[in-house]
Amino acid sequence: MDELKNKNIILGVTGSIAAYKAPEIIRLLVREGAYVYPVMTRSATYFIHPLTLQSVSREKVTLSLFNGDERDIRHISLSALADILLIAPATANIIGKIAAGIADDILTTTVVATRAPVVIAPAMNERMYENPVVQQNIARLKSTGYRFIGPEEGRLACQDKGKGRMSEPATIVGFLKKIFSKMEDFKGKSFIVTAGPTREPIDVVRFISNYSSGKMGFAIAREMRDRGAKVILISGPTFIKPPEGVDFFVVETARQMEEKVKEYFDRVDGLIMTAAVCDFRPVQSFKGKMKKESKERVVLELVRNPDILEEIGRVKGEKILIGFCAEAENILQEARQKLKKKNLDLIVANDVTEKGAGFEVDTNKVFLLNSKGEVKSLPLMSKRKVAEVICDHIKQILEERQANK
Ligand code: C5P
């Protein structure tokens, strides 16, 4: 396979003893037809000489933001050139700096400026790796879309044994190959992803809503984008940043979400309905602010909102339709019914009473049920990983459709 052929890879090397493995990573990448542009931090140069990396990559090694020829703004040209940015080895320091958004040298400015996927291969002493702050930084980066490979268990430079060894060069290169092969999965396809809650106004300052954070939907949008899809992300109000490179629309109410979904549905290959749409809205939204004076009791009359997914299910044709459901009991039974009633290809069901699953958190524990009657139970995993598995299923559905044509 030619996943790495003609790919531009920025290799960031930081100050760990594992820097001695960087030339081997470069050698393997170059052998696969990639172009590798090494960038070294100052401490990396204590462990390995830039000339070594220049010799194996046959490219200029960048050591500083200021190289004497400021016509080439190096961090901008490098970040724009990158198909992928790999940091191997990555110290606790570089991980902390990236997590904090610091951009104070050539490598961190390049990371901040790039739109390419960033892969981090940590290398450090086990006690450093297990430090809660380091773990929080890693979790933060993972939830923002940075990918990690390793570290692995084994002998460490300080004679300790434990988790902290950088993954082997061949493993890292295999990981990059997998990322590149996935980038083509949804090439030429487009999808609507909905996310977050809806808000149904009671008056100008109050609304009915739910605890949905938008994290699951945003993770799916990001994963689809990374696999080459054009993504239209339609979200209710959230407090998180949408992924770059998607068409992003914010809506407020279920009816606004319905309108936006219907506006775009004709142009896409599928709809992933992750949003927690409010089932009911107040019959009337009070004009102005409802006053409490002279009222002991208020009765709020609610009316059913349109079921967007069910309506789209009636006209979906060959398009892919995926729903979510959050249940507190009889999860599989409820999910099966919704799958059928809404004419879905796949439903993702979670138990909202389970710790670490459902609203607001970064993890989820779900069941996947498809229209063939198959059920898959996934363990507790990050929402990013759940998004990956869902996209694998979408790819499989697309392939089956293609084969049956
Ligand atoms: O609320 P319910 O469990 O029926 O939600 C199942 C699926 O239907 C979800 O994917 C949700 O986004 C969608 N839905 C919808 N319109 C509604 C309610 C739910 O599209 N009014």
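**A tour of the predicted model**

Begin at Asn6, which lies in the segment before β1 (helices, H or I of at least four residues, and strands, E of at least two, are DSSP runs numbered from the N terminus). This is a predicted model, in which local features need pLDDT of at least 70 and side-chain atom pairs count only at pLDDT 80 or more, while totals for chains, interfaces and linings use all residues. Residues are numbered from 1 along each chain as its sequence is written, and side-chain values use heavy atoms, with hydrogens and water left out.

Although Asn6 is not a glycine, its phi is positive, about 60°.

Next, select helix α3, residues 50-57, whose buried residues are Pro50, Leu53 and Ser57 (buried means under 20% relative accessible area, with a 1.4 Å probe and protein chains only). They cover an arc of only 65° around the axis, so they lie on the same side of α3; the arc is that of the directions from the helix axis to the C-beta atoms. The buried residues of α3 pack against β1 (8-13), α1 (22-31), β2 (35-40) and α2 (44-47), contact meaning heavy atoms within 4.5 Å. Just after α3, Arg58 has a positive phi of about 60°.

Two cis peptide bonds can then be displayed. The bond from Ala88 to Pro89 has omega near -5°, and Pro89 is in strand β3 (residues 84-90). The bond joining Gly150 and Pro151 has omega of about 5°; Pro151 is in the loop between β5 (147-148) and β6 (152-155).

Finally, select Ile390, which touches Met216, Ile220, Phe324, Val348 and Leu368, not counting residues up to four places away in sequence.

Notes: Buried < 20%, exposed > 50% of the residue type's maximum accessible area, 1.4 Å probe, protein only.
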